[in-house]
Amino acid sequence: MDIHSYARPDRARVRHLDLDLDVRFDRRILEGSATLQFELIEGNELILDTRDLAIRSVEGAMAYDLGPADPILGAPLRIQVPPRTDRVRVHYATSPTASGLQWLEPPQTAGKQHPFLYTQSQAIHARSWIPIQDTPGVRITFDAGVRVPDGLRAVMGAAESVGCFRMAHPVPSYLIALAAGDLVFRPLGARSGVWSEPSLLDAAAHEFIDTEAMIAAVEVLYGPYRWGRYDLLVLPPSFPFGGMENPCLTFTTPTILAGDRSLVSLVAHELAHSWSGNLVTNATWSDFWLNEGVTVYVERRILETIYGPPRAAMEAVLGRRELDHEMAGLPEADTVLHLDLKGRDPDDGCTLVPYEKGALLLRTIEHTVGRTRFDAFLRGYFDRFAFRSITTADFLSYLRGELPNQVPVDDWIFRPGIPSGAAEPQSGAMAQVESTWPAAGTQWSTQQWLHFLRSQPDPPDMPRLEREFHFTESRNSEILHQWLLMSVQNQFTPALSKVEEFLASVGRRKFLKPIYTELMKTEEGRERALKVYIRARPTYHPIAQATLDAIVK
Ligand code: BES
Ligand code: ZN
């Protein structure tokens, strides 16, 4: 049972979805129908999740009823069906404030001429644009027809043929995705390519040139890529995440277009989800570490293959350091891998713990049993559970059966903190920057600069850092973010106008949340935060708005 869904898949389980939607930029709604094919197991009721949907009618139902809305879960749509029915068609429209949709005005896009729409369904936002059993424990195939205004292009995380989209593999609802805007495509390899607005296409194709090699690298390690195409879609800067692993079509933030491919670990990450997450899926949001921890482990193996062990080690050191940093501010209960999310929005469980503690657990097992055995185990795991949703308990019993080992896995999963014996990442390149002040013109990697900044004494010599390295002018979003965060922490006034500019132009939650949180710590900072937030909030995604509304007040 998934506490974040009203569905009762043990009684009626949806198997297939036919979507038929009009994208109405004029009214900021999607409208049309969702036809659900389901298997009736017990009783005569099909329960769907919804949030802020206007239900117009339900074809094929004897009766239906939209229950009261819960602030986290939305409202259950209870549909009474005649005996032996296997499909209903729900006619509906979304709300202009749907939590899983962002409607952008032309000025918020790169081209400034056309509007843009995209969905973000993870964790429980699919229900705000499709009436569906919105739990990762239920997998469905789907077909979709989507109409957009002339001159715009719709894309989905699915295969496309003559204007229709089809996902022939059963996927959880949080992986259903749609975008529409002034989009163009360029191939990167035989089965990979990139979509973006026209003005970003050259930069995107240059940045993502290693995509095909990355796919091949995972295939060697963990078996075939099973989704047909792997394309990337570069979204406008208000996208609240770094990336989202929609099947066949990863959504990414434009802030990783650094020009030097230094931030493509994000591509490796989202690609890795094609195995961990999309193929083998967390059955509930408490098992989220199964998606993200395994993915970060695979991501670093990709980096190691393509860019070499030193690069992978640098990323691991950055992740390890950030994990400690974040855990220091979390209640103990949030530092376990298997999270208790009772009464909580699953988006709240989204800390670095499932990512970095999860990856560290896998690394530790790998080091204990040896890489050859661990690789064989993971490959077998992806095969064994392919196209299935599993719990932490399923993982544990498979691990015990296939790869008995000495790691205290239960402590890792169910107890707070990092157990002793963890395989701590080591990097010579990172150790070097901890104790060196670089000469002007030093050629360090992005990862080294980040680590250098994060290793400064408290308080850092902000004027000297700026004088010698001009971080305020950095074109690398990660370095700039780190520098601006330090500028707020240390009230380094020369960078504060850049802070405002950054907050007003980027919607990536990982960047916004720490800076706003830091600003709120002083009276002067708070005034600055409120001033920017009032202006910028309408440009942020509803998911980012929800996070920041709780901080900036
Ligand atoms: N699936 C996540 C994004 C996500 C998680 C969306 C939870 C909604 C709820 C994606 O794969 C991810 O982890 N993105 C990271 C980047 C990654 C390189 C760590 C992000 O967006 O920061
Ligand atoms: Zn991820």
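Me: What span should helix α4 have at 1.5 Å a residue, and how far apart are its end C-alpha atoms?
Reply: Helix α4 comprises the 20 residues 288-307 of a predicted model. Helices here are DSSP runs (H or I, at least four residues) and strands are E runs of at least two, both numbered from the N terminus. The expected span is 1.5 Å times one less than the number of residues. For α4 this gives 28 Å, which agrees with the distance between its end C-alpha atoms, 28 Å.

Me: Which numbering and confidence limits apply to this model?
Reply: Residues count from 1 along each chain as its sequence is written, while chains are lettered from A and ligands numbered from 1 in the order in which they are written. Side-chain values use heavy atoms, without hydrogens or water, and totals for chains, interfaces and linings use all residues, but local features need pLDDT of at least 70 and side-chain atom pairs count only at pLDDT 80 or more.

Me: Are the rings of Tyr381 and Phe382 stacked, edge-to-face or tilted?
Reply: Rings of Phe, Tyr and Trp (its six-membered ring) pair if their centres lie within 6.5 Å; planes under 30 degrees apart are stacked, over 60 edge-to-face and the rest tilted. The whole structure holds 37 aromatic pairs. In this one, the centres are 5.5 Å apart and the planes meet at 55 degrees, so the pair is tilted.

Me: Which residue of that pair has a relative accessible area of 0%?
Reply: Both belong to a cluster linked by ring pairs, whose members include Trp289, Phe377 and Tyr398. Tyr381 counts as buried because its relative accessibility is 1%. The residue at 0%, also buried, is Phe382.

Me: How far is a nitrogen atom of ligand 1 from an N or O atom in the side chain of Glu245?
Reply: A backbone N or O atom of Gly243 lies 3.3 Å from a nitrogen atom of ligand 1. For the side chain of Glu245, the corresponding distance to a ligand nitrogen is 2.6 Å.

Definitions and conventions
Buried means under 20% relative accessible area, exposed over 50%, partly exposed in between (1.4 Å probe, protein chains only). A polar contact is a pair of N or O atoms within 3.5 Å; within protein, one must be able to donate a hydrogen and the other to accept it, and residues adjacent in sequence count only if both atoms are side-chain atoms.
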